[in-house]
Amino acid sequence: MTDGRERSTSELAAVDVLIVGAGPVGLTLANILGGRGLQVLIAEERDVLIDYPRGVGLDDESMRAFQGIGLSKNVEQHLIPNQILRFVNGKGELLAEMAPSQAQFGWPRRNGFVQPLVDAELLEGLGRFDTVEVCWSAPMQSMREDGDSVVVELLEGGVSREVRARYVVGCDGGKSRTRHIIGTAFDGVTSSTRWLVVDLAHDPLGSPNSYVGADPGRPYASISIAHGIRRFEFMLMDDEHDSEVDDIGFVRTLLGLHIPRPEDAEIIAYRIYTHHSRIAGEFGRGRIFIAGDAAHLMPVWQGQGYNSGVRDAVNLGWKLAAVCSGQADPDLLATYDTERRGHARA
Ligand SMILES: Cc1cc2nc3c(=O)[nH]c(=O)nc-3n(C[C@H](O)[C@H](O)[C@H](O)COP(=O)(O)OP(=O)(O)OC[C@H]3O[C@@H](n4cnc5c(N)ncnc54)[C@H](O)[C@@H]3O)c2cc1C
């Protein structure tokens, strides 16, 4: 830490931090930085938040992070706290149960949640800060370091616009363009297994609990999340081609193995996923960092993609704020990679 300010870039920088991507990691980071008075621009290529089915398990550390940015009450309404997870065999017999009762961080350790609704709360939270702006339909095209700032090219309405930032954080997901620009590796494996993910309204099972089915016939997960939504994830067989399974009739046939009257089930959305395990060679280079899925991808089973990304935002957020306000030396930022890598890899 140092008492001196980092060399002033105010004549160059339009913002302190430019965040690429308005996913949960970029939004959490923007809330942290906004709360500390930094000038922040989020550039998001979409015109709205992602609303298709994704994360369903939020942990106690994420809740502690949301408490830190003053949004725990807003998020809490989209949770099923203390969710019990049961592993069953093909006959439905209990193999193992996860029902943690501790709350070391003041929050239940396992919470079912609805990602798009929690992400929307994080976005809403940014309205508290005059210094934070979200720029929609603005894909980041390129960036280059230029002295003590980074020049970022955004495309807005087909027109190129350059923004200067003291630091850039790519929270732009698994296919991160920021990571490509840094030029770091993204080593790991991609599973050959595909999963069909289905969200249902008005939970036809009517129970708050969740199951992982170790069923040799077709492994599945059946997860209760908030607002009466139930998530099913079905493993797809190699000979079931996307064109065959991306079909409402096929979806209802699989649902019929687990719920009564699948023809009446209210399907919110369904989507096919493949799982990846990858980690970037560097979580940052110079003034450009990557966080969340841009830096590491993990199979969804452990429910840690979202949670580990929130931890990235917390780790990097206070450090960027301390450096930009002159309370810390820029060398502090190197500890982001050191501190987060081992955890994300594990
Ligand atoms: C089926 C499924 C279940 C899951 N379950 C869980 C779970 O239970 N628990 C858990 O912790 N995690 C879970 N995850 C993982 C979790 O959803 C992700 O880890 C999380 O969304 C990553 O957040 P992110 O902000 O890093 O990236 P994203 O949410 O992918 O956001 C990236 C954003 O960047 C934008 N973007 C990309 N490129 C550009 C560009 N060039 N310019 C501007 N914007 C750009 C994108 O449009 C997007 O809005 C699950 C995922 C899936 C698919």
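**The ligand and its surroundings**

Analyst: A backbone N or O atom of Tyr 306 lies 2.8 Å from an oxygen atom of the ligand; a polar contact is a pair of N or O atoms within 3.5 Å. The model is predicted, so local features need pLDDT of at least 70 and side-chain atom pairs count only at pLDDT 80 or more, while totals for chains, interfaces and linings use all residues. Residues are numbered from 1 along each chain as its sequence is written, and side-chain values use heavy atoms, with hydrogens and water left out.

A polar side-chain atom of Arg 54 is 2.6 Å from one oxygen atom, and for Gly 305 a backbone N or O atom is 3.2 Å from an oxygen atom. On its own the ligand has 1000 Å² of accessible area, of which the protein covers 92%; such areas come from the Shrake-Rupley method with a 1.4 Å probe.

The ligand is surrounded by 32 residues, and the closest are Glu 44, Arg 54, Gly 57, Asp 293 and Tyr 306. A residue is near a molecule if one of its heavy atoms lies within 4 Å of it. By type, the shell divides into 14 nonpolar, 11 polar and seven charged residues. Here Ala, Val, Leu, Ile, Met, Phe, Trp, Tyr, Cys and Pro count as nonpolar, Asp, Glu, Lys and Arg as charged, and the others, Gly among them, as polar.

Helix H1 (24-35) and helix H8 (305-324) each supply at least two residues of the shell, and H8 gives the most, with three. Helices (H or I, at least four residues) and strands (E, at least two) are DSSP runs, numbered from the N terminus. Domain 1 (9-78 + 115-185 + 281-345) and domain 2 (79-113 + 191-276) each contribute at least three residues to the shell; their bounds come from an automatic or database domain assignment.

Strand S7 (residues 110-113) and S3 run antiparallel, joined by three bridges; two strands pair if DSSP finds at least two bridges between them. The open, antiparallel sheet has three strands in the order S3-S7-S4. Strand S3 (57-59) and strand S4 (79-81) are at the edges with a single partner strand each, so one side of each has no neighbour in the sheet.

Technical notes:
A polar contact is a pair of N or O atoms within 3.5 Å; within protein, one must be able to donate a hydrogen and the other to accept it, and residues adjacent in sequence count only if both atoms are side-chain atoms.
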